[in-house]
Amino acid sequence: MGLRLYNTLTQRTEEFRPLHDNIVRMYTCGPTVYHYVHIGNFRTFAFQDVLRRWLRARGFTLDHVMNLTDVEDKIIRNAVAQGKSLRDYTAEYEQAFLDDSAQLRLERAERVVRATEHIPEMAEAVRSLEQKGFTYETEGSVYYRIGKFPEYGKLSHSDFSGIRAGARVDKDEYEKADARDFVLWKARKEGEPYWDSVVGPGRPGWHIECSVMSMKYLGETLDIHTGGVDLTFPHHENEIAQSEALTGKQFVRYWLHAEHLIVEGQKMSKSLGNFYTLRDVITMGYQPEAVRYLLISVPYRKKLNFTFDGLKAAATSIQRLRDFELRLKTSRFADGRDAKVDERSAHALRQFEDSLDDDLNTAEALAAVFEYIRDINTAMDAGDFRLGNVDGALGLLERFDEIFDVLKPTTDASSISEADVETLIADRAAAKRARNFSRADEIRKELLDRGVVLEDTKDGVRWKRK
Ligand SMILES: [Zn+2]
């Protein structure tokens with residue numbers, strides 16, 4: 001059985017196959033760049049990273065587009081309040097998002113595109129919808145008439161048949177179950193940025209941005225569209241209404257949504273004081289890879305309870321993985337190969353891969369790896385693990401880290417390089433041979449001060465970062 005993914009549209013877990021060849025055309029609703037992105041948003045982006053990595057591990061080629069929403073109600077409000085241009089205002093947050101993503105080791109989509117660089121195409125799409133009779137105009141703004149699209153509600157599985165005809169909303173975001181005609185093009189307002197266009201002066205609504213940018217780069221039918229579960233309605237519902245009205249074709253084949261993140265059991269909110277950006281958490285002394293681990297350790301369709309105990313546990317789990325890798329790489333094992341150990345490695349790899357094929361069940365994949373580590377440590381202690389078994393064990397760890405990517409420690413520019421550590425370890429060995437034990441102790445202490453712990457074993461010195 002191949003990769004299976006849960007499709008919000010059909011409400012079923014389906015075998016995944018791209019429409020054309022081996023190429024996965026995928027679109028992700030990126031952040032609205034008006035402040036630092038919080039850890040709840042990063043949960044969704046981390047899920048997308050696992051999806052990307054697993055698709056590639058399964059032999060697919062990716063063509064993935066992520067947009068940056070850099071024109072929108074809140075951005076305009078803040079930029080105007082600060083007397084800045086949109087570009088000046090959003091540039092800082094855009095860079096912060098890319099930097100934070102890199103800290104979390106999130107792969108960059110093949111194309112990252114800005115809404116403000118596609119305004120003429122958006123206006124063209126609005127005009128096209130006008131010509132097809134899906135819109136009406138009021139005071140210079142253009143609205144989508146959802147009554148004209150009978151399938152409206154098919155993604156969020158809501159029955160909107162009782163909606164009031166003509167009730168409309170200007171805001172980009174609105175309440176659940178409150179279906180309204182939504183704005184495609186907002187008329188120019190005094191004191192706000194605007195563009196001259198084929199549908200008059202103004203600016204695009206948020207929803208049309210995604211329809212236009214996704215289809216421009218990926219074609220009329222996408223394989224996968226992802227986002228946070230809160231985008232299902234109205235945003236994604238509106239994307240479908242716009243795109244399918246424009247093309248008459250299915251817009252997206254697989255809709256994937258990541259569940260919410262809560263903090264210490266509560267909804268994250270500024271008023272509760274439990275609202276965290278990645279920067280907040282790192283400033284508190286946590287490693288980015290621990291955050292990454294915690295964010296992806298819970299399967300994406302389950303609510304994730306982000307706790308500081310959980311972060312500490314994530315750091316411990318990462319340390320266990322690194323200790324195992326170190327033991328594999330630095331121990332002297334007896335020659336030969338044990339058939340049972342090899343079989344155990346192959347079994348763990350199968351379990352790991354089957355779990356990810358099962359709608360990216362990261363929790364089961366991790367459980368398979370940790371059970372394996374426990375068994376192999378026992379085999380090593382008993383002397384059953386042989387030199388010939390190392391490759392199989394390292395193979396599993398490599399496969400694991402292609403997806404989870406937590407084995408390599410984050411080092412900042414100020415921390416000591418691997419080469420310098422090795423040099424000091426050699427100096428210490430030389431000092432010991434010369435029976436200069438105070439010098440040897442000094443080096444150990446110097447390394448400790450710089451965050452490196454030495455461990456003398458029968459197979460020589462091992463070191464790791466604290
Ligand atoms: Zn979107």
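Analyst: A nonpolar core is here a set of buried Ala, Val, Leu, Ile, Met, Phe, Trp, Tyr and Cys residues joined through side-chain atoms within 4.5 Å, where buried means under 20% relative accessible area (1.4 Å probe, protein chains only). The model is a predicted one, in which local features need pLDDT of at least 70 and side-chain atom pairs count only at pLDDT 80 or more, while totals for chains, interfaces and linings use all residues. Residues are numbered from 1 along each chain as its sequence is written, and side-chain values use heavy atoms, with hydrogens and water left out.

The largest nonpolar core holds 131 residues, and the members that touch the most others are L55, Y144, I224, F306, L321 and F385. α1 makes the largest contribution to this core, with ten residues; helices are DSSP runs of H or I with at least four residues, numbered from the N terminus. Apart from this core lies another, of nine residues, including I416, I425, L447 and W463.

For I224, setting aside neighbours within four places in sequence, the contacts (heavy atoms within 4.5 Å) are L5, F16, V24, R25, M26, Y27, L51, L55, V252, Y254 and L256.

In soluble globular proteins, nonpolar side chains tend to be buried together.

Technical notes:
Buried < 20%, exposed > 50% of the residue type's maximum accessible area, 1.4 Å probe, protein only. Helix = DSSP H or I, 4+ residues; strand = E, 2+ residues; numbered from the N terminus.
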